[in-house]
Amino acid sequence: MRNATSIDAPAQQERLHVPAELDASLRARQAWISPKFLYDPLGSKLFEAICELPEYYPTRTEAGVFAAFGGEIARTVGTGSTLIDLGAGNCAKAASLFPLLHPAQYVPIDISAEFLQDAVARLQQRFSHIEMQPLGMDLSGPLNLPDTVRPERRLFFYPGSSIGNFSPDEARDFLQRVHAQCGHDGGLLIGIDLAKDHAVLDAAYDDALGVTAAFNLNVLNHVNRLLGADFDIRQWRHRGFYNAAERRVEMHLEANTAQLVSWRGGSRRFEAGEWIHTENSYKYRQSDAVGLLEQSGFAATKVWTDPQGWFAVIHARALSH
């Protein structure tokens with residue numbers, strides 16, 4: 001088995017579609033930018049910082065669930081799997097499980113290929129016995145795994161409630177794509193943020209230090225590079241809040257002044273107070289989370305939660321096609 005620290009990049013072809021995708025979303029009646037563009041190298045580092053903030057409960061709450069139930073989780077999911085880490089980021093969450101899960105192969109997937117490359121290179125030094133196959137991939141598109149990914153005992157790992165970035169319908173479609181790659185003996189280990197008091201949610205997505213604001217504003221720098229745009233981040237402010245009617249946290253960027261923004265092939269005038277929608281984070285009741293998995297072809301075998309019931313880690317077995 002080979003150790004791999006170079007990125008296999010199906011995302012390279014996807015990058016050809018990025019300008020058209022951004023052009024269309026910025027021209028939409030309600031301008032928006034896909035949350036995947038939040039994660040350039042700087043955005044990925046800023047998100048790491050967000051995870052350390054006292055207001056941002058999901059990371060430490062999920063980590064507490066794994067710390068409390070790690071042995072039971074390992075007995076449930078088994079060892080020696082092909083561990084496929086969806087939206088891997090710095091790979092830290094999966095790496096913390098290596099001593100418990102002893103994966104035969106580790107396949108981290110992230111849209112920020114450069115950031116992932118560096119993370120895997122460091123990780124390979126610590127776990128040289130584990131074969132690693134990093135993939136640069138946009139998870140909003142097709143989930144086509146190369147032949148270098150072992151087909152046996154695939155365990156898809158999707159922590160951090162990243163599933164909340166999708167609408168419920170989009171989440172079901174995405175999980176169905178995951179199910180299609182599970183094979184006859186695969187499964188899913190997923191973290192899902194649960195519904196809770198809106199004050200907790202508002203603080204988590206609009207922290208006092210302003211790190212989340214910097215993370216959100218940085219997407220405009222990324223768009224400037226990708227699209228040749230001339231957004232001036234000093235003319236925008238961060239908005240993050242819980243929308244109770246939609247059961248989701250929303251992030252937006254609000255124009256401080258009226259301004260004309262131009263990019264290759266297009267432009268748009270934004271009025272003062274106009275918003276660009278950058279991210280949603282849906283919050284689930286536990287029963288709805290289990291129902292979502294069942295609609296996607298999985299059978300939830302075990303649910304673990306923290307004492308407050310703020311966050312759930314669920315193992316789900318892929319049902320036969």
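This is a predicted model: local features need pLDDT of at least 70, side-chain atom pairs count only at pLDDT 80 or more; totals for chains, interfaces and linings use all residues.
A nonpolar core, as I use the term here, is a set of buried Ala, Val, Leu, Ile, Met, Phe, Trp, Tyr and Cys residues joined through side-chain atoms within 4.5 Å.

**Entry 1: the cores**

I looked up the largest nonpolar core and got 35 residues. Those with the most contacts inside it are Ile33, Val223, Phe231, Trp236, Phe270 and Ile276.

I then picked Val223 and listed its contacts, leaving aside neighbours within four places in sequence. Val223 is in contact with Leu22, Leu26, Ile33, Gly228, Ala229 and Phe231. Apart from this core I found another, of 34 residues, with Leu143, Phe156, Ala171 and Ala289 among them. A reminder to myself: in soluble globular proteins, nonpolar side chains tend to be buried together.

**Entry 2: H4 against H5**

Helix H4 (residues 57–77) and helix H5 (residues 92–101) pack at about 30°, and their axes are 10 Å apart. Angles under 35 degrees count as roughly parallel, so H4 is roughly parallel to H5. The crossing of H4 and H5 is right-handed.

From H4, the contact uses Thr59, Glu62, Phe66, Gly70, Gly71, Ala74 and Val77; from H5 come Lys93, Leu97, Leu100 and Leu101. Sorted by type, the residues of the contact of H4 with H5 are 6 nonpolar, 3 polar and 2 charged.

I started with Thr59, in helix H4. Is Thr59 buried or exposed? Its relative accessible area is 19%, and the cut-off for buried is under 20%, so Thr59 counts as buried. Not counting residues up to four places away in sequence, Thr59 touches Cys51 and Lys93.

On the H5 side I took Phe98, which is found in that helix. Phe98 is buried, at 2% relative accessibility. With neighbours within four places in sequence left out, Phe98 is in contact with Leu83, Pro103, Tyr106, Leu123, Phe127, Ile130 and Met132. I also checked a distance: Phe98 and Gly210 are 33 Å apart, C-alpha to C-alpha, and 112 residues apart in sequence.

**Entry 3: positive phi**

I looked for positive phi in residues other than glycine and noted two cases. Arg153 has phi near 50°, and Ser161 has a phi of about 55°. Where do they sit? Arg153 lies in the loop between strand E4 (135–136) and strand E5 (154–158), while Ser161 lies in the loop between E5 and helix H7 (168–180). Arg153 is partly exposed, with a relative accessible area of 30%, whereas Ser161 is buried at 4%.

**Entry 4: Arg269**

Last stop was Arg269, in strand E10 (residues 266–270). At 48% relative accessibility, Arg269 counts as partly exposed; exposed would need over 50%. Which residues does Arg269 touch, not counting residues up to four places away in sequence? I got Ala258, Gln259, Leu260 and Glu274. I also looked up Arg269 against Leu135, 134 residues apart along the chain, and their C-alpha atoms are separated by 38 Å.

Definitions and conventions:
Residues are numbered from 1 along each chain as its sequence is written. Side-chain values use heavy atoms; hydrogens and water are left out. Axes are lines fitted to C-alpha atoms, for helices over the stretch in contact, and angles run from 0 to 180 degrees between N-to-C directions. Helices (H or I, at least four residues) and strands (E, at least two) are DSSP runs, numbered from the N terminus. Angles under 35 degrees count as roughly parallel, over 145 as roughly antiparallel, 65 to 115 as roughly perpendicular and the rest as oblique. A crossing is left-handed if the near helix is turned anticlockwise from the far one by less than a right angle, and right-handed if clockwise. Contact means heavy atoms within 4.5 Å. Ala, Val, Leu, Ile, Met, Phe, Trp, Tyr, Cys and Pro count as nonpolar, Asp, Glu, Lys and Arg as charged, and the others, Gly among them, as polar. Buried means under 20% relative accessible area, exposed over 50%, partly exposed in between (1.4 Å probe, protein chains only).
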